[in-house]
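Please look through the sequence and the model below, with attention to the aromatic side chains and to the backbone. An explanation follows.

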Amino acid sequence: MPFTDLDICNLAIDRVSGDRIDALDEDSPLGGFCFVNYPHKRDFILSKYRWTFANAVALLARVDPAADPNEPRPCEHKFAKPGDLIGAVHDWRVSADPAASRGRPYVMESGGFFWADTAPLYVEYTALRREETWPAWFRQLVVTAFAADLADFCQLSTKARELRAEAWGTPQENGEGGLYASARNEDARLAPQRQLVSGVDAGPLVQARWAGGSPFAGRSWEVQY
């Protein structure tokens with residue numbers, strides 16, 4: 001049976017021994033908490049790491065920059081963002097195939113759009129993936145992490161600490177341990193063979209996201225499909 005957002009929330013509620021809800025927007029304290037907070041927790045965990053199952057490559061749709069003559073034009077070409085973009089942009093290129101892509105496009109984000117010095121423009125990024133597509137190990141991570149938030153909401157301090165440690169590890173691990181570390185290992189183990197691409201310059205947008213410099217710039221890295 002496919003999992004839904006309601007299923008994930010009820011599994012998390014089970015971890016704190018609460019009463020299951022019939023809908024995320026039902027008129028109950030737990031329903032209200034799930035409705036407001038679950039999407040944020042889901043998006044945070046999806047965007048926290050470059051998960052293989054959430055990786056996507058898309059050709060961006062061009063937007064006519066002349067439609068708004070008063071809008072600043074930092075570059076010649078204007079593109080709409082992918083509707084399912086949820087995490088950091090990993091790569092910009094002029095071809096879907098990284099091996100066939102020559103040169104690095106210059107890309108900026110302005111006014112809710114991407115601007116580039118070339119077209120067409122392909123983007124590799126972390127995309128929103130619905131619960132029914134999640135691997136079991138990722139589902140377990142999200143359930144446990146959200147259960148910790150529910151325990152805080154229910155004022156179950158000890159339970160919240162236990163669940164948070166289970167999800168993220170000890171305080172010394174700074175959120176990089178526990179089920180999160182296991183999920184990253186599983187994701188790496190199950191990832192398909194990837195093509196090695198040299199000399200990647202992530203561009204100004206990704207540099208800004210990484211506080212001044214891409215962690216991939218200046219060295220070889222692997223592009224994931």
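The paragraphs below go through ring pairs, charges over rings, and backbone geometry. The model is a predicted one.

A pair of aromatic rings is described by the distance of the centres and the angle of the planes. Searching the whole structure gives 14 aromatic pairs. One of them joins tyrosine 49 and tryptophan 51, with 4.8 Å centre to centre and 75° between the planes, an edge-to-face arrangement. Are these two residues buried or exposed? Tyrosine 49 has 22% relative accessibility and is therefore classed as partly exposed, since buried requires under 20%. Tryptophan 51, at 0%, is buried.

A second pair to inspect is that of phenylalanine 53 and phenylalanine 138. The ring centres of phenylalanine 53 and phenylalanine 138 are 4.9 Å apart and the planes stand at 65°, so this pair is edge-to-face as well. Where do the two partners lie? Phenylalanine 53 is in the loop between α2 (29–48) and β1 (55–59), whereas phenylalanine 138 belongs to helix α3 (residues 136–153). The pair therefore ties together parts that are 85 residues apart in sequence. Phenylalanine 53 counts as buried at 18% relative accessibility, and phenylalanine 138 is buried at 0%.

The residues of both pairs belong to a cluster linked by ring pairs. Its members are Phe44, Tyr49, Trp51, Phe53, Trp134, Trp137, Phe138, Trp168 and Tyr180.

Charged side chains also meet aromatic faces. Lysine 48 is placed over the face of tyrosine 180, at 4.9 Å from the ring centre; tyrosine 180 is one of the cluster residues. Arginine 139 sits over the face of phenylalanine 3, and here the distance from the ring centre is 3.9 Å.

The backbone has some features to check as well. Which peptide bond is cis, with omega near 0°? The bond from alanine 119 to proline 120 is cis. Proline 120 is located in the loop between β6 (113–116) and β7 (122–127).

Positive phi values occur in two residues other than glycine: serine 17, where phi is near 60°, and asparagine 174, where phi is near 55°. Serine 17 is in the loop between α1 (5–15) and α2, and its relative accessible area of 69% makes serine 17 exposed. Asparagine 174 is in the loop between α4 (157–168) and α5 (178–190). With a relative accessible area of 62%, asparagine 174 is exposed too.

Technical notes: Residues numbered from 1 in each chain as written. Predicted model: local features only at pLDDT ≥ 70, side-chain atom pairs only at ≥ 80, totals over all residues. Heavy atoms only, no water. Phe/Tyr/Trp six-rings, centres within 6.5 Å; stacked < 30°, edge-to-face > 60°. Buried < 20%, exposed > 50% of the residue type's maximum accessible area, 1.4 Å probe, protein only. Helix = DSSP H or I, 4+ residues; strand = E, 2+ residues; numbered from the N terminus. Lys NZ or Arg CZ within 6 Å of the ring centre and 35° of its normal.
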